[in-house]
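Biologist: Please take a close look at one part of this model, and then place it in its wider setting.

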Amino acid sequence: MITVVDSGGANIASVMFALERLDVAASLSVNADEIFNAERVILPGVGTAEAAMKQLQKLNLIECIQSLTQPVLGICLGMQLLFSYSEEGDVDMLDIIPGQVKHLKPASNKTIPHMGWNNVSVQFHPLLNEVPEESFFYFVHSYYAPECDYTIGTCNYDDPFSAIVAKDNFMGCQFHPERSGKVGAQILKNFTEIKL
Amino acid sequence: MLTKRIIPCLDVKDGRVVKGVQFRNHRDMGDILDLAQRYTDEGADELVFYDITASSDGRTVDKSWVRKVAQIIDIPFCVAGGIRNVDDARKILNDGADKISVNSPALERPDFITELANTFGRQCVVVGVDSRQENGNYIVYQYTGDETKTIKSKHETLTWVQRVQDLGAGEIVLNCMNQDGVRQGYDLNQLKAVREVLTVPLIASGGAGEENHFKDVFEKTGVDGALAASVFHSGQIPILDLKCYLKSQNIQVRL
């Protein structure tokens, strides 16, 4: 059973449908007790870091999420929220993974947002079982987490950045696994089976 | 490397996929869910659904198919047509669409783009622009879903797309009307001119008839994706074949 934090982001339906396609039971919640006692937690997120942090604050979920010990997967903005700070709105975030989220400023004439399918070089991690090296995933974002000690998948958009991160029980994908075809589904499946 | 996107466009009318030539004479092309699944399986990078009757009729259109599409496919998709306010957009995004695209309502009320971007984030907000070349200028047209209601707007395309980007659009689809449905290739000059004034992704629309038209548009204009309809619906260009061809021409695609 997966508990999806109902943070109001626009990708929540897509995440729920993706879990449905995997035959994984999932429910939406904003209740701190439910989330704390969940078997696994997904933190989706689309929108701005500032709005998302305000929403988590309003729902009294910040300490709850920080204290979780079961597997947690942040998706897109949900991954970024795991870091300490974001340039987007100059906001302090959950500080579960040390590091700053920065504005994408590619040196060449590339477009912003970074939108579309890009390849990711992956390291060994249970979240990435049976995910082929250099698989393509669907990205949509204007801010990024630089590579760090907790990066387990790296993507390039002029500069390398964290496409997948993991620290203890906390994992995150900058791309949208729920909209990344078969490899995206594989990552969600791995998450539902991961043993800590 | 970020790949170039191949985007089948499904024009939807009364819950079926249709296709017309230069926006006229719509023919039935099939069931929405069947085509959505087929294109996903064949390797499409994204799908766009345009409800072509909605904007010009001014009525609320049944969009119950959005949720069904979101349930079955695992690639991103965008819904366009008849989205006139933030609540219309919210319903479609809550039903599982990844992006919404607005066109005529943005021309009526440009601030609508900003409202959408502020509410959902600009990555969800696509603005469609129907543009026609006239006497050396590119002019934006409005209400193109219905030939009898189509009018020339007061905007020149190059200034309108920049304004749209400043107002909060996260992506722009430029439909070059002179080319639409006639399969003579994309409007390379116009797309190049528009690409040069934008920083957000630009999707080319109108004119694809052969595989090399896709190669040309990616090589010569720098667009981020290419949208087409009839060549995919008819089976004339299978998507997988197209992507293999593009890869052989050193254009980065997802295979």
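Modeller: B:Phe214 touches, by contact (heavy atoms within 4.5 Å) and not counting residues up to four places away in sequence, B:Ile6, B:Tyr186, B:Ala208, B:Ala226, B:Ala228, B:Val231, B:Phe232, B:Ile237, B:Leu242 and B:Leu246. The model is predicted, so local features need pLDDT of at least 70 and side-chain atom pairs pLDDT 80 or more, while totals for chains, interfaces and linings use all residues. Residues are numbered from 1 along each chain as written, chains are lettered from A and ligands numbered from 1 in the order written, and side-chain values use heavy atoms, without hydrogens or water.

B:Phe214 belongs, with B:Leu47, B:Phe49, B:Phe77 and B:Phe232, to the residues with the most contacts inside the largest nonpolar core, which has 79 residues; such a core joins buried Ala, Val, Leu, Ile, Met, Phe, Trp, Tyr and Cys through side-chain atoms within 4.5 Å, buried being under 20% relative accessible area (1.4 Å probe, protein chains only). Helix α6 of chain B (residues 111-120; a DSSP run of H or I, at least four residues) gives the most to this core, with 5 residues. Apart from that core lies another, of 38 residues, including A:Leu73, A:Ala163, A:Ile164 and A:Cys173.

Where chain B meets chain A, 35 residues of chain B are in contact with 26 of chain A. There, B:Leu2, B:Asp74 and B:Gln123 supply 26% of the area that chain B buries against chain A, more than any other three residues; this is accessible area (1.4 Å probe) lost when the two parts are put together. The interface also holds 1 salt bridge (Lys or Arg side-chain nitrogen within 4 Å of an Asp or Glu carboxyl oxygen), in which the side chains of B:Asp98 and A:Arg179 meet at 2.7 Å, N to O.

Conventions
Buried means under 20% relative accessible area, exposed over 50%, partly exposed in between (1.4 Å probe, protein chains only). Helices (H or I, at least four residues) and strands (E, at least two) are DSSP runs, numbered from the N terminus.
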